[in-house]
Every structure is written in structure tokens, then in C-alpha cells.
Amino acid sequence: VVIKMEALSAKFQSAVTTTASSLETTRINPLKRASHVCSIKCYDEISAIAQPQSGQKKAGGFLNFGRGNGGIDADETPMAAAEVEKSARKLHSCLEMCLHPAMMANQIMKQEFDQLQNRAQRASQNCHDDATANITPDMQSNQSAMEALQKKYETCVSAAIKDQIDNLDPMKKRIDSRMAELAKVDKN
């Protein structure tokens, strides 16, 4: 009995792992990659803004390392505090926009898999509750009645796990669809 239940649990876990791995490879990793590429562009854009125009003195000399003076270049005009703050806000905003699709994708995955797990637990608990509700005082001394009830319980749990495994494909399609929408937003 325990071995059969462990086998059912392993089958369910294997199906969940396969689905999660597939989604990770086809949807999550590309979104993460796009987020990193986008983040690099944020830094490139901020660096381009901080570069002096031809004939102008270099702004932002506060991070000129290797000059022998702790990073401060006294010959250059430091970027005004307001400009530094504006650049930092712009960079932060850009990075948030870049990371948003990947964070949303992780949230979608977590939500869907949590719901699947909750449904599986509720179904298993319903089977347990039904079996427990059918136990009568005289059954406890009747081995064949207890075995019949155990078989009914196992059949119920087996059907519940099969239902949850069958729910994986529609769940994967929902996740895939939502992630495809995120990828579209990410490209805009």
C-alpha cells in the first residue's frame, strides 16, 4: 500500500518536474536573458549620457579610479549632485523595466504551481476524509471491510493524482500563453 502511494507520488512529482523544466527552458530562460541584455543597455545609455560632448570637460569625475587621489580628479568638474541623482533614478527605472518581465514570469510560475499543489493536496485530503467518514466501529475488527475501504481510498487518491497530472497540460498552456504576452511586452 505504502509502495503504491509512493509510486503515485513519484509519478506526479516527475510530471511536475518535467513540465517546470520545459517551461524554464522555453520561456523563463529567454525572458531572463532578455532582461540581462536590456539591463546592459541601461548601463550603456547612462554611460553615453555621462560622456562629454566634443570640446567639453568630462562630467562625473567622482569615480575616476587609478588617479592616485582616491578616485577624485581635481582637474575635472564633478557632475552636479542633481545630475547624479537624475542619472541614478533613470538607471534604476530602466533596470526595473528590464527586470519586470522575468519577475512576472517567476510569479506566474509560482502561482500556477502553488495552485496545482493545493488542488492535489485538497483532492488527497478529500479522499482521506471520505475514507475516514466511512469507518464504523464494527469495521475496525473486520479485516476485509478495512481492506475494501483502503482499496477505495487508494482508488480515490490514484484518480486524484491522475486528474492533477492531466491538469498539467492545460496549466502549461496557460503559463506559456501568459509568458508569450510578457515576451511581447518586453520587446516593445
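Which residue forms a salt bridge with Glu 112, and how far apart are the closest N and O atoms? The points below take up this pair and its surroundings.

1. **Basis of the model.** This is a predicted model, in which local features need pLDDT of at least 70 and side-chain atom pairs count only at pLDDT 80 or more, while totals for chains, interfaces and linings use all residues. Residues are numbered from 1 along each chain as its sequence is written, and side-chain values use heavy atoms, with hydrogens and water left out.

2. **The pair of Glu 112.** The partner is Arg 174, with the closest N and O atoms 2.8 Å apart. A salt bridge here is a side-chain nitrogen of Lys or Arg within 4 Å of a carboxyl oxygen of Asp or Glu. Because Glu 112 lies in helix 2 and Arg 174 in helix 3, the pair ties together parts that are 62 residues apart in sequence. Helices are DSSP runs (H or I, at least four residues), numbered from the N terminus. Glu 112 is buried, at a relative accessible area of 5%, whereas Arg 174 is partly exposed at 38%. Buried means under 20% relative accessible area, exposed over 50%, and partly exposed in between (1.4 Å probe, protein chains only). A network of salt bridges links Glu 112, Arg 174 and Arg 178.

3. **Other salt bridges.** The structure holds nine salt bridges. One of them joins Glu 85 to Arg 89, with 2.7 Å between the closest N and O atoms; these residues are four apart in helix 2, which means a separation of about one helical turn. Glu 85 is partly exposed at 48% relative accessibility, and Arg 89 is partly exposed at 49%. Glu 24 also forms a salt bridge with Lys 32, the closest N and O atoms being 3.4 Å apart.

4. **Nonpolar cores.** A nonpolar core is a set of buried Ala, Val, Leu, Ile, Met, Phe, Trp, Tyr and Cys residues joined through side-chain atoms within 4.5 Å. The largest has 27 residues, of which Met 109, Phe 113, Leu 116, Ile 175 and Met 179 touch the most other members. Helix 1 (2-50), helix 2 (81-133) and helix 3 (143-187) each give two or more residues to this core, and helix 3 provides the largest share, ten residues. Another core, of six residues, lies apart from it and includes Ile 46, Cys 94, Leu 95 and Cys 98.

5. **Surroundings of Ile 175.** Leaving aside neighbours within four places in sequence, Ile 175 is in contact (heavy atoms within 4.5 Å) with Leu 23, Ile 108, Met 109, Glu 112 and Phe 113. Glu 112, the buried acidic partner of point 2, is thus among the contacts of Ile 175.

6. **Disulfides.** With a disulfide taken as a pair of cysteine sulfur atoms within 2.5 Å, the count comes to three. Cys 38 and Cys 98 have their sulfur atoms 1.9 Å apart; Cys 38 lies in helix 1 and Cys 98 in helix 2, so the pair ties together parts 60 residues apart in sequence. A disulfide also joins Cys 42 to Cys 94, and both of these cysteines are buried. The disulfide of Cys 127 and Cys 156 has an S to S distance of 2.0 Å; Cys 127 lies in helix 2 and Cys 156 in helix 3. Counting bonded cysteines along the chain, the disulfides follow the pattern 1-4, 2-3, 5-6.
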